[in-house]
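Open the model in your viewer and keep the selection panel at hand. The tour goes stop by stop: select, look, move on.

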Amino acid sequence: MQIRRPIDKLSGVCWLPRLIDKTNHTYKDTLTEDYAFAFCHPKGIDGAFLNFFDLSKEDFLEAVKSSDGDDSKVAEWFLKQPGVSEEKIQQWNTLAPTLGAKDQPMHNTFLWVQKNIVKNCDDPTVDTIFKILDWDEGHYRTGK
């Protein structure tokens, strides 16, 4: 299953390409169990992303479905949404990589993932959700 990294960007927005990939895998019924469990979950990053930009899950899913695999069509749709602006994108891109860190939003979610999903990660520098996903998927290098 191919899925882009949390920090990868489309139209300057991190997480957007990853959510597109997860949505496409959902439509193809190829999203693995761990990803399917968290897909658009309100307590996960998908839910945080949708909420931050005031997007409904249904509208996002439809935008991806109607794009016929063309990311630029999803990006164009995304940038036209009322809850999306350059300022909000910058805020999201600053906030999202810190999600799950101590004293940051989603810290309890990070602890749950660490305990229940990615149990064998003992690297103390893996302290955010972006980092633990990268670690689990083999992209993370200590301290980056």
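**Stop 1: a surface patch**

Select Phe37, Trp112 and Ile117: together they make a nonpolar patch on the surface, with about 290 Å² of accessible area. Bear in mind that this is a predicted model. Ile117 sits in the loop between helix 7 (107-116) and helix 8 (129-136). Its relative accessible area is 32%, so Ile117 is partly exposed.

**Stop 2: the aromatic cluster**

Show the rings next. The structure has 10 aromatic pairs. Start with Phe49 and Trp92: the ring centres are 5.4 Å apart and the planes stand at 80 degrees, so this pair is edge-to-face. Phe49 belongs to helix 3 and Trp92 to helix 6, and the two are 43 residues apart, so the pair links distant parts of the chain.

Are these two rings, Phe49 and Trp92, buried or exposed? Phe49 is buried at 0% relative accessibility. Trp92 is buried too, with a relative accessible area of 1%.

Phe52 and Trp92 form a tilted aromatic pair, 5.4 Å centre to centre with 50 degrees between the planes. This pair also links distant parts of the chain, with Phe52 in helix 3 and Trp92 in helix 6, 40 residues apart. Phe52 is buried, with a relative accessible area of 19%; the cut-off for buried is under 20%.

Then bring in Lys88. Lys88 lies over the face of Phe52, at 4.3 Å from the ring centre.

**Stop 3: salt bridges**

Side chains of opposite charge can pair when their charged atoms come close. How many salt bridges does the structure hold? There are seven salt bridges.

Select Lys22 and Asp46. Their side chains meet in a salt bridge, 2.7 Å from N to O. Lys22 is in helix 1 (residues 16-28) and Asp46 in helix 3, 24 residues apart, and the pair links distant parts of the chain. Lys22 is buried, with a relative accessible area of 4%. Asp46 is buried, with a relative accessible area of 1%.

Go to Glu76 and Lys80. The closest N and O atoms of this salt bridge are 3.2 Å apart. Glu76 is partly exposed at 46% relative accessibility, whereas Lys80 is exposed at 60%.

Next, Asp127 and Lys131. They form a salt bridge, with the closest N and O atoms 3.1 Å apart. Asp127 is partly exposed at 32% relative accessibility, and Lys131 is partly exposed at 22%.

End this stop at Arg4, Asp21 and Asp71, which are linked in a network of salt bridges.

**Stop 4: positive phi**

Most residues other than glycine have a negative phi. Which values do Asp54 and Met106 take? Select Asp54: its phi is positive, near 55 degrees. Asp54 lies in the loop between helix 3 (45-52) and helix 4 (57-66). Asp54 is exposed, with a relative accessible area of 67%.

Jump to Met106. Its phi is positive as well, about 75 degrees, although Met106 is not a glycine. Look for Met106 in the loop between helix 6 (86-95) and helix 7. Met106 is buried, with a relative accessible area of 16%.

**Stop 5: cysteines**

Colour the sulfur atoms. How many disulfides does a search of the whole structure find? The search finds zero. Cys14 is buried, with a relative accessible area of 0%. Select Cys121 as well: it counts as buried, at 8% relative accessibility.

Select Lys65 in helix 4. Lys65 is exposed, with a relative accessible area of 51%. Draw a distance from its C-alpha atom to that of Asn116. The two C-alpha atoms are separated by 31 Å, and the residues are 51 apart along the chain.

Definitions and conventions: Residues are numbered from 1 along each chain as its sequence is written. This is a predicted model: local features need pLDDT of at least 70, side-chain atom pairs count only at pLDDT 80 or more; totals for chains, interfaces and linings use all residues. Side-chain values use heavy atoms; hydrogens and water are left out. Patches are made of residues with over 30% relative accessible area and no salt bridge: like charges are joined within 9 Å, nonpolar side chains (Val, Leu, Ile, Met, Phe, Trp, Tyr) within 5 Å. Accessible areas come from the Shrake-Rupley method with a 1.4 Å probe; for residues, only the protein chains shown count as cover. A salt bridge is a side-chain nitrogen of Lys or Arg within 4 Å of a carboxyl oxygen of Asp or Glu. Helices (H or I, at least four residues) and strands (E, at least two) are DSSP runs, numbered from the N terminus. Buried means under 20% relative accessible area, exposed over 50%, partly exposed in between (1.4 Å probe, protein chains only). A disulfide is a pair of cysteine sulfur atoms within 2.5 Å. Rings of Phe, Tyr and Trp (its six-membered ring) pair if their centres lie within 6.5 Å; planes under 30 degrees apart count as stacked, over 60 as edge-to-face and the rest as tilted. A charge sits over a ring if NZ of Lys or CZ of Arg is within 6 Å of the ring centre and within 35 degrees of the ring normal.
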